[in-house]
Amino acid sequence: MMTRTGEACACFACSPPADVSRRGFLRAGAVATAVGLLAGAGAGLVLPRRALAQSAIGPDKALSMLMEGNDRYVAQKLTSFDDDLAILKQHTAEQQQPFAAVLSCADSRVPVELLFDQTIGHVFVTRVAGNIATAEMIGSLEYGVAVLGAEAIMVMGHASCGAVEATIAGKAVPGQISGLYPYIRPAIDQVGAGGDANAVVRANAEIQARLLKEASPVIADFVKQGKLKVVASYYDLATGKVTLLD
């Protein structure tokens, strides 16, 4: 895989040159990362130093890598399982270098890494019913961007979302489930009474993505500098296809 500048990308998702084994390629990547960390040890930032991420590819490329992975998932041609998981786990034990972050629903039918064909350390995933941008989710994603180096954030809604359907129904529910409702209600209002539930799912993903860009000065600043893209998407459970909404 190539970066936008035409240079070879150093991420683990890319195939190593023909004369270099996957094991040797991963070892070389670990050495390069260690050198980069030593070089930046005296940066003196208030936040922990941003990881020397495999994500140094730009927001457009980070987003396209997610979508290309989903294309492979839909085509049932996954490549992530070809990676040497033992080495990947070893090299991510002390640090992580995700190229993208995803705010997804907690639904068990939405396996984020799998449906984007990504392996250990590639995607920073936050999950909560209804994929809502609570303070905790925003703080987690700020960390993923400002510290870990993610260059794209995707807010992903999905078909037949139980949290959305429960909010539309508005019935009494046990425990604190109804605490989700206020976050999803604006999407229902936007679509209108009697609107299709999946239309509400799409509207909700767009609203939560907009909240991330507007409610977080950290995320807003990265977007303003062109270092980050925040997008909304919709996942079709039946086809496995992720579609960008904006």
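The model is predicted. The chain has 246 residues, of which 44% are buried. Its secondary structure consists of nine helices and five strands.

**Overall organisation**

- Along the sequence, the elements of the protein chain occur in the order α-α-α-β-α-β-α-β-α-α-α-α-β-β.
- Among the contacts in the protein chain with a separation of 6 or more, 70% are between residues 24 or more positions apart.

**Nonpolar cores**

- The largest nonpolar core contains 38 residues, and those with the most contacts inside it are L103, L141, I153, L212, I219, L228 and V230.
- Two or more residues of this core are given by each of strand 1 (100-104), helix 5 (135-146), strand 3 (152-158), helix 6 (162-169), helix 7 (181-191), helix 8 (197-215), helix 9 (217-224) and strand 4 (229-235).
- Helix 8 supplies the largest share of this core, with seven residues.
- When residues up to four places away in sequence are not counted, I153 touches A101, L141, V145, L212, I219, L228, K229, V230 and V231.

**Helix 6 against helix 8**

- The axes of helix 6 and helix 8 lie 10 Å apart, and the two helices pack at an angle of about 110°.
- Angles of 65 to 115 degrees count as roughly perpendicular, and helix 6 and helix 8 are therefore roughly perpendicular to each other.
- The crossing of these two helices, helix 6 and helix 8, is right-handed.
- On the helix 6 side the contact involves V164, E165 and I168, which meet A197, V200 and V201 of helix 8.
- By class, this contact of helix 6 with helix 8 comprises five nonpolar residues, one charged residue and no polar residues.

**Helix 8 against helix 9**

- Helix 8 and helix 9 cross at roughly 90°, and their axes come within 5 Å.
- Helix 8 and helix 9 are therefore also roughly perpendicular to each other.
- Helix 8 contributes L212, K213 and A215 to the contact, while helix 9 contributes P217, I219, A220 and V223.
- The residues of the contact of helix 8 with helix 9 comprise six nonpolar, one charged and no polar.
- L212 and I219, both part of this contact, are also among the residues with the most contacts inside the largest nonpolar core.

**N204 in helix 8**

- N204 is located in helix 8.
- With a relative accessible area of 1%, N204 is buried.
- Not counting residues up to four places away in sequence, N204 touches G130, N131, Y183, I184 and A187.
- Two of these partners of N204, Y183 and I184, fall within the residue range of helix 7 (181-191).

**V125 in strand 2**

- V125 belongs to strand 2, which spans residues 123-127.
- V125 is partly exposed, with a relative accessible area of 25%.
- Apart from its neighbours within four places in sequence, V125 is in contact with V102, V112 and E113.
- The C-alpha atoms of V125 and L141 are 8.6 Å apart in space, and the two residues are 16 residues apart in sequence.
- L141, in turn, is one of the residues with the most contacts inside the largest nonpolar core.

Technical notes. Residues numbered from 1 in each chain as written. Predicted model: local features only at pLDDT ≥ 70, side-chain atom pairs only at ≥ 80, totals over all residues. Heavy atoms only, no water. Core = buried A, V, L, I, M, F, W, Y, C linked by side-chain atoms within 4.5 Å. Buried < 20%, exposed > 50% of the residue type's maximum accessible area, 1.4 Å probe, protein only. Helix = DSSP H or I, 4+ residues; strand = E, 2+ residues; numbered from the N terminus. Contact = heavy atoms within 4.5 Å. Axes fitted to C-alpha atoms, helices over the stretch in contact; angles between N-to-C directions. Parallel < 35°, antiparallel > 145°, perpendicular 65-115°, else oblique. Left-handed = near helix turned anticlockwise from the far one by under 90°. Nonpolar A, V, L, I, M, F, W, Y, C, P; charged D, E, K, R; others polar.
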